[in-house]
Structure formats: C-alpha cells, structure tokens
Amino acid sequence: MPSSLISRSTSNDGHACVGAQISAFSAGADFSLVKEVINTSEKGREMCVFMSELLNTIKFNLPFISISLVQGPALGGGAEITTCTDFRIMKKDAFIQFVHAKLGVMPGWGGATRLVDVVGKRNAIKILCTSEKISAEKALEFTYIDSTFYGEDQGIEEAVEFLQPYLD
C-alpha cells in the first residue's frame with residue numbers, strides 16, 4: 001500500500017484505512033517516482049497488477065470489516081484505494097477525485113470496476129469521465145460514502161462509532 005496510508009485497528013473486528021497525515025488521504029502514485037523507477041511498459045504493468053491484486057485482496061479477502069477514513073483529498077490512486085473498503089466516511093471539507101480522465105488514462109488499480117460496485121454504473125461514468133472533485137455532500141448523494149464528520153481530531157472516533165453496530 002502507498003506509504004502515505006496506514007491501517008489502524010478500531011477493535012478486534014474492524015480496521016480503518018486512513019491517511020498518515022490529516023491533510024490528505026492519498027494521492028496515489030508519485031509521478032516523479034514513476035518516471036524514475038517504473039519507466040518501461042513492463043514495469044508499469046507490474047505495478048498495476050500488484051496494486052490491483054493488493055486492493056482486491058483488501059476488498060474481497062480481509063477477515064474483518066474495513067473502512068476508509070477520508071480526512072483530506074483522495075486523488076487518482078488514492079480515490080481508487082477508497083473503493084476497496086467495506087465502508088467510507090469522509091470529513092466535510094475533504095474530496096475524492098479520479099483525475100485519470102484529465103491525464104488521458106484509465107484507473108490502473110481496478111478502481112473503475114470497484115467504483116461501479118459502490119455507486120452504480122451511471123454515477124461511476126459521471127465520476128470517471130469528468131474528473132470532478134467529489135465533495136462529501138456529493139459523495140453522500142452518489143452513495144459513495146456512508147457518513148461525514150467535521151473536526152480535525154474526530155476521524156478515528158467517528159470510524160469506531162460508525163463500525164460499532166457491526167462489531168457487537
């Protein structure tokens with residue numbers, strides 16, 4: 001998983017996937033690193049396969065409930081990461097943005113397919129083809145996220161409270 005993400009246990013039965021910094025969830029691939037290290041089509045394919053398998057493992061094979069705690073921007077691959085957890089909660093002033101269309105590429109980590117599962121085909125097309133910043137309010141309308149919260153320090157507490165009915 002990208003180094004900007006960490007997993008925090010909320011109990012024995014649930015985990016939250018949160019950004020290492022409150023200011024951002026994840027921006028996905030670091031393009032300067034990509035240019036230096038993943039500089040061939042074969043290496044690019046290997047990275048895509050690795051990340052797709054990793055995120056699909058989180059989505060389909062974890063033995064516990066997972067939640068993305070989006071406290072800041074989730075861009076590109078970071079947006080794709082939000083699609084692999086069972087639930088998503090988001091700070092009111094955060095946003096999610098699939099920037100891929102602006103770059104002339106498709107999500108390479110399986111996020112497009114998982115997004116359809118989360119929000120339905122029509123909403124996924126809107127999100128993917130426009131590269132629109134999806135606010136917390138819009139994400140609720142799309143059923144992309146399950147809940148919102150306000151404060152800087154409330155995220156983990158909100159995740160625990162949200163998961164509690166599923167853990168008792």
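## Helix α8

In helix α8, the residues G155, A159, F162, L163 and L167 are buried. Buried means under 20% relative accessible area, exposed means over 50%, and partly exposed covers the values in between (1.4 Å probe, protein chains only). Helices (H or I, at least four residues) and strands (E, at least two) are DSSP runs, numbered from the N terminus.

Helix α8 covers residues 155–167, and its 13 residues should span 18 Å at 1.5 Å a residue. The expected span is 1.5 Å times one less than the number of residues. The end C-alpha atoms of α8 are 18 Å apart, which agrees.

## The model and the whole chain

This is a predicted model, in which local features need pLDDT of at least 70 and side-chain atom pairs count only at pLDDT 80 or more, while totals for chains, interfaces and linings use all residues. Residues are numbered from 1 along each chain as its sequence is written, and side-chain values use heavy atoms, with hydrogens and water left out.

The protein chain has 8 helices and 8 strands. It has 168 residues, of which 42% count as buried. The chain exposes about 8,700 Å², and carbon and sulfur atoms supply 55% of that area. Accessible areas come from the Shrake-Rupley method with a 1.4 Å probe; for residues, only the protein chains shown count as cover. Contact means heavy atoms within 4.5 Å. Among contacts between residues at least 6 apart in sequence, 62% join residues at least 24 apart.

In soluble globular proteins, nonpolar side chains tend to be buried together. A nonpolar core is here a set of buried Ala, Val, Leu, Ile, Met, Phe, Trp, Tyr and Cys residues joined through side-chain atoms within 4.5 Å. The largest such core has 27 residues, and those with the most contacts inside it are M90, I96, F98, L115, V119, I127 and Y144. Helices α2 (41–61), α3 (77–82), α5 (111–119), α6 and α7 each supply at least two residues of this core. The largest share, 4 residues, comes from α5. Apart from this core lies another, of 9 residues, among them I67, I89, F149 and A159.

What does I127 touch, leaving aside its neighbours within four places in sequence? I127 is in contact with F98, L115, V119, E132, I134, F142 and Y144.

## Strand β3 and V70

Strand β3 (residues 65–70) is mostly covered, with 5 of its 6 residues buried. β3 pairs with strand β5 (residues 87–91) in the parallel sense over 4 bridges. Two strands pair if DSSP finds at least two bridges between them. In this pairing, I67 stands opposite F87 in β5.

V70 is found in strand β3 and is buried, with a relative accessible area of 0%. Leaving aside neighbours within four places in sequence, V70 is in contact with F25, T82, I89, M90, K91, A94, I96 and F149. V70 and T148 are 78 residues apart along the chain, and their C-alpha atoms are separated by 9.2 Å.

## A sheet of three strands

An open sheet of 3 strands has the order β4-β6-β7, with mixed pairing. β4 (74–75) and β7 stand at the edges, each with a single partner strand, so one side of each is left without a neighbour in the sheet. Strand β6 (residues 95–97) pairs with β7 in the antiparallel sense over 2 bridges. The bridge partner of I96 in β7 is I134.

## Loop residues with positive phi

Most residues other than glycine have a negative phi. S131 has a positive phi of about 55° although it is not a glycine. S131 is found in the loop between α6 (121–130) and β7 (134–135), and is buried at a relative accessible area of 2%.

T143 also has a positive phi, near 60°, and is a residue other than glycine. T143 lies in the loop between α7 (136–141) and β8 (147–149).

## S52 and the cysteines

S52 is placed in helix α2. Is S52 buried or exposed? At 16% relative accessibility, S52 counts as buried. Beyond its neighbours within four places in sequence, S52 is in contact with G108, W109 and G110.

A disulfide is a covalent bond between the sulfur atoms of two cysteines. The cut-off used here is a pair of cysteine sulfur atoms within 2.5 Å, and a search of the whole structure finds 0 disulfides. C84 counts as buried at 0% relative accessibility, whereas C129 counts as exposed at 60%.
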